[in-house]
Amino acid sequence: MTDPYPLLHQLAAAGDPALNSTPLPPDGRYQVVTSTVDDVTAQIVRTLRDGFAGRAPADFPLLVLGWGRCRVGSTAVTNLFGMAGAAAFYQPVKTIGRFVLTGGEGSPWKLPDGEPVLFAKEMAGPYVPFEALFNPARCLIEAGWPVERLRLLILDRQPRASLDSWMAKWEAKIGRKRVVENFTLSTLNYALMRDYAAAQGLAVTHFPYESSRAPEQTVSRLFDRLGIAGLYRPQMLTGWGAAGDLNSDQSKIHHPVEPEPYVVPGLHGNADEYRFRDRQVSVLTDEELAVADSAEVVASYQESVRSCARELDLPAPLREEIFG
């Protein structure tokens, strides 16, 4: 079988629309049939549309859609929104895609009643190329979610730390080569997501993980930028207790049932506060470090940093404290 990665990399880097119709071969576990980004997206859209049926555009809540590579602090951000009082969801869109990839259909996302603000974490990667390349905003908009009721929150992290975390978590699952390839495809998807948002008139805010070095200054600015300043309270940054543990029955996050291959007990740790945790890069080879340091990966992260500083109007001393 021809390795699809070189072509996928070429098309993603060029922003070529042919990427979405390029066959994605199965690996036999996380994907059981050949498909394409467009085909799986269409099935996700049909399932989501069933869940949204009968809902007028004005009846949709405001949805903050958190997206970025896996291992960029997204679970902490999801907990943060849950502690703020938003209904917080763990990958309701991507989970449908995972059922499709493994031969099922998935269940519609049933929106809760009486919740004016929702947060959904929808991350790129890690197991198969579709996960790296899919666009959850496209899925939602094509299923009927009004673009004016949607906010795209782009999450990111210093590339060495991010890839090191990928390797530690998933080498045993998919091997080092696929970890690096899917990490790279997920990174290339940042530019594609930004371009899609611009074309749709979708509001975008960037919030790299390093912003959590000064949460008292950055989170309030973030919530103001998203139009939900009324949800912010300084005390929500700490004292989470069992509510900050994704595996606890007191967790603030709505977690879907996933297909068996994707169930990974203990994947996400628990936290008692929203605060930066430094990571010592320790498991990457020199060749893998070179990928994290490559121009295309670093440029994508730097765009997230610049955009965050601009969008949140961060003063120069604060930018230096956070990003160095």
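Which residues does Trp145 touch, not counting residues up to four places away in sequence? In this predicted model, the list runs through Phe52, Phe60, Pro61, Leu63, Trp109, Leu111, Leu118, Leu140 and Leu150. Trp145 also belongs to the largest nonpolar core, which has 101 residues. Together with Leu48, Phe81, Trp109, Leu140 and Phe223, Trp145 is among the residues that touch the most other members. Helix H8, spanning residues 176-200, gives the most to this core, with nine residues. In soluble globular proteins, nonpolar side chains tend to be buried together.

Let's turn to a charged residue. Lys94 sits in helix H4, residues 92-101. Is Lys94 buried or exposed? Its relative accessibility is 2%, so Lys94 counts as buried, the cut-off being under 20%. The Lys94 side chain reaches the backbone oxygen of Met123 at 2.9 Å. Leaving aside residues up to four places away in sequence, Lys94 touches Cys70, Glu122, Met123, Gly125, Pro126, Glu131 and Phe134.

Our last stop is helix H12, residues 316-323, where Leu318, Ile322 and Phe323 are buried. These three cover an arc of only 105 degrees around the axis, which means that they lie on the same side of H12. An α-helix has 3.6 residues a turn, so residues three or four places apart point the same way. Pro317 and Glu320, on the other side of H12, are exposed. What do the buried residues of H12 pack against? Their partners are strand E5 (203-208), helix H9 (215-226) and helix H11 (295-311). After H12 comes Gly324, with a positive phi near 80 degrees.

Definitions and conventions:
Residues are numbered from 1 along each chain as its sequence is written. This is a predicted model: local features need pLDDT of at least 70, side-chain atom pairs count only at pLDDT 80 or more; totals for chains, interfaces and linings use all residues. Side-chain values use heavy atoms; hydrogens and water are left out. Buried means under 20% relative accessible area, exposed over 50%, partly exposed in between (1.4 Å probe, protein chains only). Helices (H or I, at least four residues) and strands (E, at least two) are DSSP runs, numbered from the N terminus. The arc is that of the directions from the helix axis to the C-beta atoms. Contact means heavy atoms within 4.5 Å. A nonpolar core is a set of buried Ala, Val, Leu, Ile, Met, Phe, Trp, Tyr and Cys residues joined through side-chain atoms within 4.5 Å. A polar contact is a pair of N or O atoms within 3.5 Å; within protein, one must be able to donate a hydrogen and the other to accept it, and residues adjacent in sequence count only if both atoms are side-chain atoms.
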